[in-house]
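These are my notebook entries on a structure that I had not examined before. I set down what I looked up, one topic at a time.

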Amino acid sequence: MGCMVAGLVALSPRSDARLPESKEPLPPIFQKSPAEQVGIASWYGEERQGKETSSGEPFDMNKLTAAHRTLPVGTRVRVTNLANLKTTVVRINDRGPGIEGRIIDVSWAAAKQLGFVGEGLTRVEIEVVPASKAPRRITSEPRSARLN
């Protein structure tokens, strides 16, 4: 257990975790559009478990949530790990990351789905998932009658 906790702390966003060496230099963080960004993601888990997030809810490392500096709390974001193309959708419920050069901190559960728990950091693309449209009102009238 002690090794696991040490591993979690070593991989936390406040650590010295680094991306694996690559032959190609990483591009700087950039914004493709107002709803899309590419950059470095980190994850956080046990060290924040139960602590209050910016949304007021307690952090749960087993839920698909994330911290972002500017996106509104409650925004749903599709995160794609560019190293392996695994994708998940998280809900922004906190502010961060606290380390310069990172664009998002995801929960341990999200990092697990994205396949980078062991690495601690990975290059990702994030894009805002549009809010679901309200379901259409169900009516018993035929469509042609409603159009007149």
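How many of the six residues of strand E6 (residues 102-107) are buried? I looked this up and found six of the six buried, so strand E6 is largely enclosed by the rest of the structure. I take buried to mean under 20% relative accessible area, exposed over 50%, and partly exposed in between, with a 1.4 Å probe and protein chains only. Strands (E, at least two residues) and helices (H or I, at least four) are DSSP runs numbered from the N terminus.

Entry on the source. I note that this is a predicted model, in which local features need pLDDT of at least 70 and side-chain atom pairs count only at pLDDT 80 or more, while totals for chains, interfaces and linings use all residues. Residues are numbered from 1 along each chain as its sequence is written, and side-chain values use heavy atoms, with hydrogens and water left out.

Entry on the whole chain. I recorded three helices and seven strands for the protein chain. Their order along the sequence is α-β-β-β-β-β-β-α-β-α. The protein chain has 148 residues, of which 36% are buried. I then looked up its contacts (heavy atoms within 4.5 Å). Of those with a separation of 6 or more, 72% are between residues 24 or more positions apart.

Entry on strand pairing. I count two strands as paired if DSSP finds at least two bridges between them. Strand E6 runs parallel to E2, and five bridges join them; here Ala41 stands opposite Ile104 in E6. With E3, strand E6 pairs in the antiparallel sense over two bridges, and Ala66 stands opposite Val106 in E6. E3 is also joined to E5, in parallel, by three bridges, with Ala67 opposite Asp94 in E5. E5 and E4 run antiparallel and share five bridges; Arg76 has Arg91 in E5 as its bridge partner. In the hairpin of E4 and E5 there are five residues between the strands, and Leu85 takes a positive phi near 65°.

Entry on salt bridges. I searched for a side-chain nitrogen of Lys or Arg within 4 Å of a carboxyl oxygen of Asp or Glu. The whole structure gave three salt bridges.

- Arg48 and Asp94 meet through their side chains at 3.6 Å, N to O. Arg48 is in the loop between E2 and E3 and Asp94 in strand E5 (residues 87-94), 46 residues apart. I found both Arg48 and Asp94 buried.
- Arg91 and Glu57 meet at 3.0 Å, N to O. Arg91 is in strand E5 and Glu57 in the loop between E2 and E3, 34 residues apart. Arg91 counts as partly exposed at 29% relative accessibility, and Glu57 counts as partly exposed at 22%.
- Glu127 pairs with Arg78, the closest N and O atoms being 3.6 Å apart. Glu127 lies in strand E7 (residues 121-128) and Arg78 in strand E4 (residues 76-81), so the pair ties together parts that are 49 residues apart in sequence. Relative accessibility is 26% for Glu127, which counts as partly exposed, and 31% for Arg78, also partly exposed.

Entry on aromatic rings. I paired rings of Phe, Tyr and Trp (its six-membered ring) if their centres lie within 6.5 Å; planes under 30 degrees apart count as stacked, over 60 as edge-to-face and the rest as tilted. The count came to one aromatic pair. The ring centres of Tyr44 and Phe59 are 4.6 Å apart and their planes at 10°, so this pair is stacked. Tyr44 is in strand E2 (residues 36-44) and Phe59 in the loop between E2 and strand E3 (65-67), 15 residues apart. Both Tyr44 and Phe59 are buried.

Entry on Ser55. Where is the place of Ser55? I found Ser55 in the loop between E2 and E3, partly exposed at 33% relative accessibility. Leaving out residues up to four places away in sequence, Ser55 touches Val73 and Asn93. From Ser55 to Arg95 the C-alpha to C-alpha distance is 8.9 Å, although 40 residues separate them in sequence.
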